[in-house]
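Hello,

I am passing on the structure we spoke about. Please open it below; my notes follow.

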Amino acid sequence: MDRHTDYQRLDENQLNNQVLQLEERYGAYKNRKLKLDMSRGKPCSEQLELSVGMLDILRSDDTLKTVDGSDCLNYGGVDGIPEAKELFAQMLEVGTSEVIIGGNSSLNMMHDAISRAMLHGVYGSESPWGKQQTVKFLCPSPGYDRHFAICELFNIEMIVVDLLKDGPEMDAVEQLVREDDSIKGIWCVPKYSNPDGITYSDETVDRLARMTTKAKDFRIFWDDAYTVHHLTSRPDPLKNMLAACKSAGNPHRAFMFSSTSKITLPGSGVAVLAASEENLNVIRKQISVQTIGPDKINQLRHVRFLSNMEQISEHMNKHAAIINPKFELVLNKLEAELGGKNIASWNKPNGGYFISLNTLDGCAQEVVRLAAQAGVTLTPAGATFPYGKDHRDRNIRIAPTFPALNELETAIDVLCLCVQLASVKKIRAER
């Protein structure tokens, strides 16, 4: 049988023979007692090594004062040191007065932004979000599971919106926000999205910026986590959301988040929030009660290590040189093992940390279960949807970055085998 034979066209005998062959191969993998993990998108040790030099970049003879004379060893600087504001404003293409520098985690900043909105509202709110009987968020899916976890924590109802090749299904988004004032926001990973790897089109950005919302204090939570995480020399362009909102007459609509978590060291990065000055004035007042200031030493360390956008680009090229071969391996394996069989589809991203695999409807959970029994841990099926429920049961997030190449190759071989086995059995059962 040709390796690219359409499984949907196989007759009953061919399906039975295929099941026997696949089960024999599957049994051989189970006997190997593998223990491989592709469940999270973590940098590998070679990537972490790229930033180890940052740890001793502040030598004893260096000044630990900022350009405005502030002492990084002391209290103060609730919204970040000037050098960090300048650097990250360049990275996000916003003004220095439009950024707040936080601690090590943009997820932390997103969580706190939601928490503050629920307790106090946002700039322009008539009352705290939490005073409403129901608060809802739009969740383009498949999406980032930790966004959805924040909503669950605060009892925010999540509404699934399909994520298409150019961003959220905007006809649905526009209708929903126009008609329902309990919809207070939308989660977006606009560049190299988690997990599909797609980048929003200019039209999608403009429609999000200018759409009419019944909630006057609606916010776009713009998680630009992968803004400089390119895999190729042809990076995807992304229109600036803050600028688009200004042009559309909705200057306060966007909260933009990013961090260096996958640029430098994940546990010791620097996070940033960009928004209108009016938004930030409200936020500064609130966080000045929460903290006397973030880790200014870490901010200074990052500024001196990364320096400018040219240095960031050079640094990220080193990351790409390490992880691009892993993405290429996965994509080549998917094509070789699943291409032409009419049982799976996937995107080829230009950046980010994930590859999104869609199986036949009703197969994702079974694929993940089979893989686990063969010693390969994948992200749980459904994790890329609110409440962990993929109603088509088809999406699986592949995280290629952490495993070594030889381990990754074995893991993807097992994954492809499990997709084939689950698919053939489903096709046979439906005959």
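Which residue forms a salt bridge with lysine 333? The partner is aspartate 413, and the closest N and O atoms are 2.8 Å apart. The two residues come from distant parts of the chain: lysine 333 is in helix 11 (residues 309–338) and aspartate 413 is in helix 13 (residues 405–430), 80 residues apart. Lysine 333 counts as buried because its relative accessibility is 19%, and aspartate 413 is buried with a relative accessible area of 17%.

This is a predicted model, in which local features need pLDDT of at least 70, side-chain atom pairs count only at pLDDT 80 or more, and totals for chains, interfaces and linings use all residues. Residues are numbered from 1 along each chain as its sequence is written, and side-chain values use heavy atoms, with hydrogens and water left out.

Some terms: a salt bridge is a side-chain nitrogen of Lys or Arg within 4 Å of a carboxyl oxygen of Asp or Glu. Buried means under 20% relative accessible area, exposed over 50%, and partly exposed in between (1.4 Å probe, protein chains only). Helices (H or I, at least four residues) and strands (E, at least two) are DSSP runs, numbered from the N terminus.

By the salt-bridge rule, the count is 20. Another of these pairs is aspartate 145 with arginine 397, whose closest N and O atoms are 3.7 Å apart. This pair also links distant parts of the chain, with aspartate 145 in helix 5 (residues 145–153) and arginine 397 in strand 13 (residues 395–398), 252 residues apart. Both aspartate 145 and arginine 397 are buried.

Glutamate 203 and arginine 207 form a salt bridge at 3.9 Å, N to O. Both lie in helix 7 (residues 202–210), four residues apart, about one turn of the helix. Arginine 207 counts as buried because its relative accessibility is 16%. Asp171, Glu174, Glu203 and Arg207 are linked in a network of salt bridges.

Back to helix 11. Just after this helix, glycine 340 takes a positive phi of about 80°.

Eight strands form an open sheet in the order 2-9-8-7-6-3-4-5, with mixed pairing; two strands pair if DSSP finds at least two bridges between them. Strand 2 (99–101) and strand 5 (167–168) are the edge strands, each pairing on one side only. Strand 3 (residues 136–141) and strand 4 (residues 157–164) pair in the parallel sense over six bridges. Cysteine 139 has valine 160, in strand 4, as its bridge partner.

Regards
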